[in-house]
Amino acid sequence: MPKSSTSRPLMPSGLRLLNLGFGVWTTGVFIFLYLPILVLVAYSFNTSKLNIVWEGFTVRWYADVWDNVRIIRSLKNSLIIAAFTTVASVVIGTGGAWLLHRYRYRFTRTIQTLICVPMIMPEIVMGISLLIFFTVVHLELGYLTVILAHVTFCFPFVMVAVQARLQGLDPALEEAALDLGASPLKAFWLVIVPCLRPAIISGALMAFTLSMDELIITVFTTGPGSATLPTVVFGMAKIGLNPMLNALSALFILTTVAFVLFSNHLKKLSAR
């Protein structure tokens, strides 16, 4: 007997045209987003100091980045500030999310609203407010003021991530730990925290990234010896075109891609 052949239903011409239009639009968006990045990386190898016309290939600007004492010092400052900011944000955000989830307060909604204010407040307003506060309390601008400013707007992101995870947490886990003789603190550390680990890690990565990238608030709260990498890059960009900025940006892009690939590798290992 001849085999029955099944043919796929034909797509209406209008739907095909719509899919084609969406495909063209998506391609255009990707080109608009990534073409400038590719041009920047390519021109980081340009021998021209003006960086307008391609004149030849060189890696001189990458060597100049590593030899620039100001850039290396600001990078160290950024890493130190981001590390302290991440640790403080994780502790405050996780603890605050758990307290608001575990206990009922009279002004819970008001507290949650006030915590989310730094996430939506304009950065220039927040920077000026923090500068006025540090001046009033006679706190010298430096590492401490920058860390306090970064923690102020970073810990709500950790708190929101942990709160979302807590909504799906089974309360029977903590009750079982308490019934087996664990103290509330021990139950939180040994039972709740491992369940919150994905949210804590994602919040920590968000806090670290925001701290490394922050410019406006840092400009208002930093001191002479605590300049971060974004403030130094911004100062160099105001002077004029500098090929070292292209090389520095290319290094950051390469680092970001490496972190993304490493994260995907860890996800595959955990899935196996």
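S226 touches N77, I81, G142, Y143 and V146, leaving aside residues up to four places away in sequence; contact here means heavy atoms within 4.5 Å. The model is predicted, so local features need pLDDT of at least 70 and side-chain atom pairs count only at pLDDT 80 or more, while totals for chains, interfaces and linings use all residues. Residues are numbered from 1 along each chain as its sequence is written, and side-chain values use heavy atoms, with hydrogens and water left out.

S226 sits in the loop between α9 and α10 (229-239). Helices are DSSP runs of H or I with at least four residues, numbered from the N terminus. With a relative accessible area of 2%, S226 is buried. The classes are buried under 20% relative accessible area, exposed over 50%, and partly exposed in between, with a 1.4 Å probe and protein chains only. The S226 side chain also reaches the backbone nitrogen of G223 at 2.9 Å. A polar contact is a pair of N or O atoms within 3.5 Å; within protein, one must be able to donate a hydrogen and the other to accept it, and residues adjacent in sequence count only if both atoms are side-chain atoms.

The next element is helix α5. This helix covers residues 123-136, 14 residues in total, and spans 20 Å from its first C-alpha to its last, close to the 20 Å expected at 1.5 Å a residue. The expected span is 1.5 Å times one less than the number of residues. Which residues of α5 are buried? They are M126, G127, L130 and F134. These residues lie on the same side of α5 because they cover an arc of only 100° around the axis, the arc being that of the directions from the helix axis to the C-beta atoms. On the other side of α5, I132, T135 and V136 are exposed. The cover over the buried residues of α5 includes α4 (108-120), α6 (143-167) and α9 (216-221). Just after α5, H138 takes a positive phi of about 60°.

Aromatic rings give another set of contacts. Rings of Phe, Tyr and Trp (its six-membered ring) pair if their centres lie within 6.5 Å; planes under 30 degrees apart count as stacked, over 60 as edge-to-face and the rest as tilted. By this rule there are six aromatic pairs. One of them joins Y43 and W54, edge-to-face at 6.0 Å centre to centre with 85° between the planes. Y43 lies in helix α1 (residues 13-43) and W54 in the loop between α1 and α2 (60-67), so the pair ties together parts eleven residues apart in sequence. Y43 is partly exposed at 22% relative accessibility, and W54 is partly exposed at 42%. The rings of F45 and F57 are stacked, because their centres are 5.2 Å apart and their planes are at 10°. F45 and F57 both lie in the loop between α1 and α2, twelve residues apart in sequence. F45 is partly exposed at 24%, whereas F57 is exposed at 60%. F45, F57 and Y62 form one aromatic cluster.

The last topic is cysteine. A search of the whole structure finds zero disulfides, a disulfide being a pair of cysteine sulfur atoms within 2.5 Å. For C116, the closest cysteine sulfur is that of C154, at 14 Å, too far for a bond. C116 is partly exposed, with a relative accessible area of 33%, and C154 is buried at 0%.

How values were computed
Helix = DSSP H or I, 4+ residues; strand = E, 2+ residues; numbered from the N terminus.
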